[in-house]
Amino acid sequence: MELYLLGGGLLVPFLAFRPRDFFQPEFFINLLFVLLIGMGPITLYFFMPDYYAERAYSEVSLIILLGYLSLNFGFAFARIFSVSPVSLNGLSRNYHSWLIRKSRGMYILGLMWGLVAIVAGCLYFFRAGSIPLLSANKEEARVAAMLVSGNGYLLYLLTIGVIAPSFMALFYLKDGVPSRLFSPLFIFVVVALVVLLLFTGSRRYVIWMFIYLLAVYHYSFRAISLSRLLFFSFVGLVFIVLFEIFRNPNSETTAGFFSAATYRFIIYTSNLE
């Protein structure tokens, strides 16, 4: 009974708000909640029924549903009590004017931020003495790199650099010319960050970096259709699975693409990791 309530409750906000923008909070935040939290009890019920029964996940389902509906009550109240709705056209004009005025400063901030992250990443691997992704035992190499005194701070500086390309992209898109994104300096910062972040053995930072870039393009130049965004999401899922196969080639969970995809789905949606 609890699972039926949870499954139905997870769908209600999408039907009630009918969001048309992928990055609209009523869609994007709800989607993250459903995939990373809401699906947990449902996944365990079908794939690990004994574990589901032992850990009282029926009660957990009700708690998750309460949190999810509370989140969406906040979205509903925001709509109800918005005194003066903003015209999208007016918002677009005001945003473009603001972007022209501030883009130079944001570009400099993004460039400096990116370069600091790149330097921090290089120092991180230099002090670790190895590159976890290229090591024989990647998980042990990741842990060993983190155990080096001070490396945690360098890794933090590297990972927060994922937002730097987005600041730079705002400058390149301010005149509505997307071809400027092929600037050698911009490409260098993006490629360097992607390589260094992947070298840590983790893929989530790279995924978030491209999500930020898609959002910037979506709002600063041209809205990306939902079908294309869903296609990009599919590409991201394929990348996650292939990266896992490369990272753990000797594991039983990566014997094939389907088994790796199924295992990742169970792990991520059930929050067992």
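Residues with under 20% relative accessible area count as buried, those over 50% as exposed, and those in between as partly exposed. With that in hand, let's walk through a few spots in this predicted model.

Ala76 has a relative accessible area of 22%, so this residue is partly exposed. Ala76 belongs to helix 5, which spans residues 57-80. Along the chain, Ala76 and Pro249 are 173 residues apart, and their C-alpha atoms are separated by 46 Å.

Thr200 sits in the loop between helix 10 (184-199) and helix 11 (204-220). Is Thr200 buried or exposed? Its relative accessibility is 8%, under the 20% cut-off, and therefore Thr200 counts as buried. The Thr200 side chain comes to 2.5 Å from the backbone oxygen of Leu197. Beyond its neighbours within four places in sequence, Thr200 is in contact with Phe125, Pro132, Arg142, Leu155 and Leu158.

Here are the two accessibility values together:

| Residue | Relative accessibility | Class |
|---|---|---|
| Ala76 | 22% | partly exposed |
| Thr200 | 8% | buried |

Now for a helix pair. Helix 3 (residues 40-47) packs against helix 13 (residues 257-270) with the axes 7 Å apart and an angle of about 135 degrees. Helix 3 contributes Gly40, Thr43, Leu44 and Phe47 to the contact, while helix 13 brings Thr262, Phe265, Ile266, Thr269 and Ser270. Sorted by class, this contact of helix 3 with helix 13 holds 4 nonpolar and 5 polar residues, and no charged ones.

Methods: Residues are numbered from 1 along each chain as its sequence is written. This is a predicted model: local features need pLDDT of at least 70, side-chain atom pairs count only at pLDDT 80 or more; totals for chains, interfaces and linings use all residues. Side-chain values use heavy atoms; hydrogens and water are left out. Helices (H or I, at least four residues) and strands (E, at least two) are DSSP runs, numbered from the N terminus. Buried means under 20% relative accessible area, exposed over 50%, partly exposed in between (1.4 Å probe, protein chains only). A polar contact is a pair of N or O atoms within 3.5 Å; within protein, one must be able to donate a hydrogen and the other to accept it, and residues adjacent in sequence count only if both atoms are side-chain atoms. Contact means heavy atoms within 4.5 Å. Axes are lines fitted to C-alpha atoms, for helices over the stretch in contact, and angles run from 0 to 180 degrees between N-to-C directions. Ala, Val, Leu, Ile, Met, Phe, Trp, Tyr, Cys and Pro count as nonpolar, Asp, Glu, Lys and Arg as charged, and the others, Gly among them, as polar.
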